[in-house]
Amino acid sequence: VLPPALAERPELREAFLREAQTAASLTHPNIVPVYAVGERGGFVYIVMAFVEGTTLGERIRQRGPLLPGQAARVLREVAWALAYAHGARLVHRDVSAENILLERGSERALVTDFGIASATQTNALAADGRVMGNAHYVSPEQASGEPVDARSDLYSLGVAGYYALTGRLPFDGETSADVV
């Protein structure tokens, strides 16, 4: 559900609906399916498939870094999903270990929240200096408010890969702004 404060802003509501409908058109084995997009009773929402499993981030926090072969498989599957979406002219803008799901049993990697992030953010830094999205994964061009394309998602995937292999993020700081 789009937070009510954002849903009240017509330009954000329309962007959310547009991006969610675009994401709903994606059919790929490594992208969590979006089944419905709509508005009802003042709420703007999307309905996605439930994936039994855990996020890549949670998996690493619980069990430590992935083995190189495991990381290569996960990153390859996410890269396939990104390539498919980029071919449909959709940039995720929020690729992170928290938006990569690992399906229980098969360990298949699925990308979630595809394209939805771009509906509510065009720039990683809000007007008041707060960082929108996950600062650890934001590409330099996104952080500086420049136009983003598929390369921004690949940067973020590289950060996720580093995290998957080492169990730590490549950049850190006391605040999100420091990280960016």
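Buried means under 20% relative accessible area, exposed means over 50%, and partly exposed covers what lies in between. E58, at 28% relative accessibility, therefore counts as partly exposed. With that scale in hand, let us walk through this structure, which is a predicted model.

## The overall chain

The protein chain has eight helices and five strands. Read from the N terminus, its elements run α-α-β-β-β-α-α-β-β-α-α-α-α. Of its 180 residues, 42% count as buried. The chain exposes about 9,400 Å², and carbon and sulfur atoms supply 54% of that area. Contacts across the sequence are well represented: among contacts with a separation of 6 or more, 61% are between residues 24 or more positions apart.

Helix α2 spans residues 10-24. Its 15 residues reach 21 Å from the first C-alpha to the last, close to the 21 Å expected at 1.5 Å a residue. The buried residues of α2 are L12, A15, F16, L17, E19, A20 and A23.

Helix α4, residues 68-87, has 20 residues. From its first C-alpha to its last, α4 reaches 28 Å, close to the 28 Å expected at 1.5 Å a residue. In α4, the buried residues are A71, V74, E77, V78, A81, L82, A85 and H86. Their cover includes α3 (56-63), β4 (100-103), β5 (109-111) and α7 (150-166).

Strand β1, residues 34-40, holds A36. A36 and V47 are 11 residues apart in sequence, yet their C-alpha atoms are 5.0 Å apart in space. Leaving aside residues up to four places away in sequence, A36 touches Y45, I46 and V47. A36 has a relative accessible area of 30%, so it is partly exposed.

## The loop after α4

R89 follows α4 and sits in the loop between α4 and β4. Although R89 is not a glycine, its phi is positive, about 65 degrees. R93 has its place in the loop between α4 and β4 as well, and its phi is also positive, near 75 degrees, in a residue other than glycine. These values are worth a look because most residues other than glycine have a negative phi. R89 is exposed because its relative accessible area is 80%. R93, at 22% relative accessibility, counts as partly exposed.

D153 is found in helix α7, and it is buried yet has no salt bridge. The nearest side chain of opposite charge is that of R93, 7.1 Å away. Not counting residues up to four places away in sequence, D153 touches L82, H86, V91, H92, R93 and V95. Among these, L82 and H86 are buried residues of α4.

## Salt bridges

Side chains of opposite charge can pair when their charged atoms come close. The structure holds nine salt bridges, including those in this table.

| R13 | E14 | 3.8 Å |

R104 counts as exposed because its relative accessibility is 54%. E52 has a relative accessible area of 42%, so it is partly exposed.

The pair of R61 and E58 lies within helix α3, three residues apart, about one turn of the helix. R61 counts as partly exposed because its relative accessibility is 48%.

E14 counts as partly exposed because its relative accessibility is 40%.

Technical notes: Residues numbered from 1 in each chain as written. Predicted model: local features only at pLDDT ≥ 70, side-chain atom pairs only at ≥ 80, totals over all residues. Heavy atoms only, no water. Helix = DSSP H or I, 4+ residues; strand = E, 2+ residues; numbered from the N terminus. Expected span 1.5 Å × (residues − 1). Buried < 20%, exposed > 50% of the residue type's maximum accessible area, 1.4 Å probe, protein only. Contact = heavy atoms within 4.5 Å. Areas by Shrake-Rupley, 256 points an atom, 1.4 Å probe, with all protein chains shown as cover. Lys, Arg positive; Asp, Glu negative; His and termini not counted. Salt bridge = Lys/Arg side-chain N within 4 Å of Asp/Glu carboxyl O.
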